[in-house]
Amino acid sequence: MHTTVGIVGAGPAGLLLARLLHRSGIDCVVLEQRDRAYVEQRQRAGILEQSTVDVLRECGAADRLDREGLPHDGVELRWDGRRHRLDFPALTGGRRVWVYAQTEVVKDLIALQLRDGPPLLFEAGAEAIEGADTDRPLIRYRHDGRENTLTCDYVVGCDGFHGIARDAVPDTAKKTYERGYPYSWLGILADVAPSSDELVYAHSPRGFALLSMRSPRVSRLYLQVPNGTDPAAWPDERIWDELDARFALDGWTLRRGPVTAKAVLPMRSLVTEPMRHGRLFLAGDAAHIVPPTGAKGLNLAAADVTVLARAFAHLRRTRSADLLDAYSSTSLRRVWRAEHFSHFMTTTLHTDPAQGDFDVRLQISQLDRVAASPHAAAELADNYAGPPIA
Ligand code: RFL
Ligand code: PHB
């Protein structure tokens with residue numbers, strides 16, 4: 001089998017890329033190692049930036065998002081017994097975010113892909129990417145118990161943090177920047193109406209907590225926990241008690257309900273440069289990871305593939321590879337901004353077990369600054385709502 005663009009991975013990056021290429025008349029094949037049900041149910045992100053929504057609309061993938069997604073015009077910060085709301089449209093000149101789960105974005109894109117093409121193969125795990133520095137790169141993959149080969153003009157690794165594409169770039173041709181964090185998130189889904197209309201990011205002496213949601217009837221909540229925490233050590237009552245303590249504010253109550261999912265998520269920051277080696281391109285989590293506090297991972301994945309799809313369309317129209325050649329540097333500018341913001345949100349709101357009182361006072365001073373200064377508030381809102389795609 002041969003295709004113009006071979007795509008490894010059917011997460012948001014791979015699926016959106018396939019949709020955008022299809023709309024530009026460029027043929028591609030998507031290989032996904034998991035089955036459809038697994039991919040559609042993997043619990044992850046919940047916040048879409050304005051520019052992600054714009055691109056989903058542009059490619060005809062936003063019908064349900066426009067019906068069921070919840071536009072949010074702000075978030076609340078809570079610290080030191082106080083609260084402050086950031087008004088995104090007022091601070092950013094009209095930009096906002098949407099609550100619409102990654103699971104739903106993925107379901108919508110899979111449905112379109114299976115209806116309109118191009119081919120999407122589930123349970124087709126890529127085992128090797130070869131010839132990235134030749135004119136005919138290829139993907140070896142296993143499907144239906146057989147070894148297969150997909151030859152391509154280009155390969156795009158959209159196979160996430162644990163995929164094979166990043167490793168297919170020789171060590172001598174890439175540099176990886178990385179840091180870890182001394183805490184994780186315990187995330188739950190609960191069948192209860194969210195206790196706030198907007199997301200609440202809480203700094204507390206007991207650690208960070210986040211209130212988010214999936215719908216008017218389903219809450220999504222996160223607690224900072226030590227690395228290596230076993231979710232079994234956190235029975236539901238203990239989770240609700242701890243959330244109560246971290247969100248505590250006079251006159252505010254946390255609604256409790258049945259917990260339907262529970263998982264511990266480690267966090268890290270990582271960037272691989274460049275995001276290209278010969279005819280192999282990296283996009284989304286395959287190239288970079290952010291801690292989830294800034295809600296950037298899915299949005300970066302969408303921005304990468306938007307830039308890349310435009311570059312392939314430009315190549316097809318003009319025969320010029322200029323935009324493809326610029327892909328890595330164009331994307332890395334946005335990636336590093338998001339890395340900085342995600343690191344800033346994470347370290348401002350979490351309690352590092354090694355930090356002292358001095359560091360806590362710095363965090364509080366920073367949060368006070370956001371509340372007191374329209375400039376500081378605008379800087380945070382601008383990063384959170386995200387820039388237009390370059
Ligand atoms: P994905 O979603 O990991 O998809 C990669 C796909 O590749 C497949 N794969 C392979 N397929 C074939 N052959 C192989 N050898 C393969 N190896 C892997 C995998 O099965 C999978 O289907 O990467 P992608 O598309 O780059 O998307 C990235 C996003 O999933 C990720 O950045 C976000 O979920 C991060 N994130 C958030 N991002 C946001 O923008 N807003 C948020 O609010 C937000 N919240 C979150 C998050 C991530 C979280 N976790 C679980 C780390 C909240 C959490 C808790
Ligand atoms: C989520 O709803 O899953 C979510 C929201 C905001 C974040 C991270 C995750 O910063």
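**Surroundings of the two ligands**

Helix 9 makes the top contribution to the shell around ligand 1, giving four residues. Helices here are DSSP runs of H or I with at least four residues, strands are runs of E with at least two, and both are numbered from the N terminus. The structure is a predicted model, in which local features need pLDDT of at least 70 and side-chain atom pairs count only at pLDDT 80 or more, while totals for chains, interfaces and linings use all residues. Residues are numbered from 1 along each chain as its sequence is written, chains are lettered from A and ligands numbered from 1 in the order in which they are written, and side-chain values use heavy atoms, with hydrogens and water left out.

Ligand 1 is surrounded by 34 residues (a residue counts as near if one of its heavy atoms lies within 4 Å). The closest are Glu32, Arg42, Gln102, Asp285 and Leu298. A nitrogen atom of ligand 1 lies 2.9 Å from a backbone N or O atom of Ala126, and a polar backbone atom of Ile47 is 3.4 Å from an oxygen atom of the ligand. At Gly297, a polar backbone atom is 3.2 Å from a nitrogen atom of ligand 1. On its own, ligand 1 exposes 1000 Å², of which the protein buries 91% (accessible areas come from the Shrake-Rupley method with a 1.4 Å probe). Two or more residues of this shell come from each of helix 1 (12–23), strand 9 (124–130) and helix 9 (297–318). By class, the shell holds 16 nonpolar, eleven polar and seven charged residues. In this grouping, Ala, Val, Leu, Ile, Met, Phe, Trp, Tyr, Cys and Pro are nonpolar, Asp, Glu, Lys and Arg are charged, and the others, Gly among them, are polar.

Turning to ligand 2, 14 residues surround this molecule, and Tyr201, Ser212, Arg214, Tyr222 and Pro292 are the closest. Side chains take part here: an N or O atom in the side chain of Tyr201 is 2.7 Å from an oxygen atom of ligand 2, and a polar side-chain atom of Arg214 is 2.8 Å from an oxygen atom of the ligand. Pro292 contributes through its backbone, with a polar atom 2.8 Å from an oxygen atom of ligand 2. Of the 280 Å² of accessible area that ligand 2 has on its own, the protein covers 96%. Strand 13 (199–202), strand 14 (209–215) and strand 15 (218–225) each give two or more residues to the shell, and strand 14 supplies the largest share, three residues. Eight nonpolar, three polar and three charged residues make up this shell.

Notes:
Polar contact = N/O pair within 3.5 Å; in protein donor to acceptor, adjacent residues only side chain to side chain.
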